[in-house]
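Work through the exercises below with the sequence and the model open. Each task is followed by a solution in steps.

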Amino acid sequence: MKHLYTLLLMFCISGLSFSQTNFAELIPQVVQDIEKFGNAYIEPASEAAMFNVNSGWYTSAEAKTFPQFEISVLSNVTYVPNSGGDFELDPSAYNSVRFEDGYQPKNVASIFGSDKNLSVFIDYETDEGLQSLEIELPPGVDNGDVNVLPTFFVQGSLGLIKGTEVKFRYSPELAIGDVSTEIVGVALQHEFTSWLKQEYFFVNLSGLVAYSSFKGTYLIEDEEPNNEASIVSDMDAWSFSLIASKNLAKFTFFGGLDYSMATSVSHFQGVYTMPEQGEQFQNVLNQIEIENKDYGFSGSLGLNYQINHIKTQLMLNLQKYSNISIGVGYCSGE
């Protein structure tokens with residue numbers, strides 16, 4: 001991550017040699033290029049976070065009855081494959097970007113990639129003629145072949161009336177390395193099979209709607225000891241699920257079909273090292289927003305085991321960025 005801000009800043013400071021008129025014309029184009037690159041660079045993290053926070057909401061299609069409740073400690077661990085480690089950068093889609101050997105598209109590292117040792121050139125007009133600025137593209141956070149995105153939270157559920165159950169989850173700000181996350185969520189589950197007599201159905205069936213608010217902060221290293229810079233992403237995520245489950249003795253087998261959608265907005269915050277006119281460019285950078293919108297289907301399979309009031313659970317979520325949900329909790333009912 002330490003080179004990400006360098007790219008963003010160099011896009012901005014490439015205007016330092018401009019006359020006032022040229023500078024005013026350049027800024028909108030530079031902002032567009034930063035937003036376009038930032039959207040593609042951050043997209044794998046945004047999509048992985050969406051699938052992560054939308055997973056693990058259910059462990060059974062059978063709804064609790066009032067005042068039954070459950071409280072658990074859970075973890076979702078999302079796997080990001082190598083395919084999320086790069087994206088295609090097409091210079092023709094940008095305002096003033098090219099590679100050293102021309103305008104042919106190339107794959108460059110995303111936030112989950114590794115250093116591909118590629119540079120781009122920014123061409124700009126000054127009072128002295130056409131000038132070019134070489135910029136080394138940032139590497140991702142990965143130095144190996146595997147990336148995982150873990151989250152940890154407390155989740156609770158309470159039975160209401162007529163087959164309806166309300167759920168919540170919460171995680172305070174937790175830091176793992178240079179990344180910190182914070183999650184708040186609420187969900188409503190309703191059991192369709194509670195409408196009719198149980199003997200009519202081999203399994204329990206229910207539907208669930210969930211909302212999650214996710215905040216991720218990515219710290220950026222800076223050579224200046226007094227500078228603290230970061231990328232902050234705020235996400236609103238929704239999931240809609242159809243769930244089936246079957247109880248066998250102390251085991252519950254369950255599965256679901258899920259649809260997820262999310263919108264995230266990322267900002268650049270903190271103090272960045274800048275040369276001349278630093279305050280002016282700092283203000284430009286801090287006002288930039290990177291918006292990512294994601295959606296996708298997934299399928300889930302899981303197994304619970306309950307003895308007395310203690311329940312353990314394991315859930316596999318099959319999706320673009322698959323993950324595993326594991327947890328242990330206390331149930332008020334058998």
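**Exercise 1: a buried pair**

Lysine 64 and glutamate 165 are both buried, where buried means under 20% relative accessible area, exposed over 50% and partly exposed in between (1.4 Å probe, protein chains only). The model is predicted: local features need pLDDT of at least 70, side-chain atom pairs count only at pLDDT 80 or more, and totals for chains, interfaces and linings use all residues. Residues are numbered from 1 along each chain as its sequence is written, and side-chain values use heavy atoms, with hydrogens and water left out.

Task: state how the side chains of lysine 64 and glutamate 165 meet, and at what N to O distance.

Solution. 
- Step 1. The two side chains form a salt bridge, at 3.3 Å from N to O. A salt bridge here is a side-chain nitrogen of Lys or Arg within 4 Å of a carboxyl oxygen of Asp or Glu.
- Step 2. Lysine 64 sits in the loop between α2 and β1 (69-80), glutamate 165 in strand β8 (residues 164-176); the pair links distant parts of the chain, 101 residues apart. Helices (H or I, at least four residues) and strands (E, at least two) are DSSP runs, numbered from the N terminus.

**Exercise 2: counting and grouping**

Task: how many salt bridges does the structure hold, and which residues do shared partners join into one network?

Solution. 
- Step 1. The structure holds six salt bridges.
- Step 2. One of them pairs aspartate 101 with lysine 106, with the closest N and O atoms 3.1 Å apart.
- Step 3. Aspartate 101 is exposed at 58% relative accessible area, and lysine 106 is partly exposed at 25%.
- Step 4. Salt bridges with shared partners join Lys64, Glu70, Glu165, Lys167 and Lys311 into one network.
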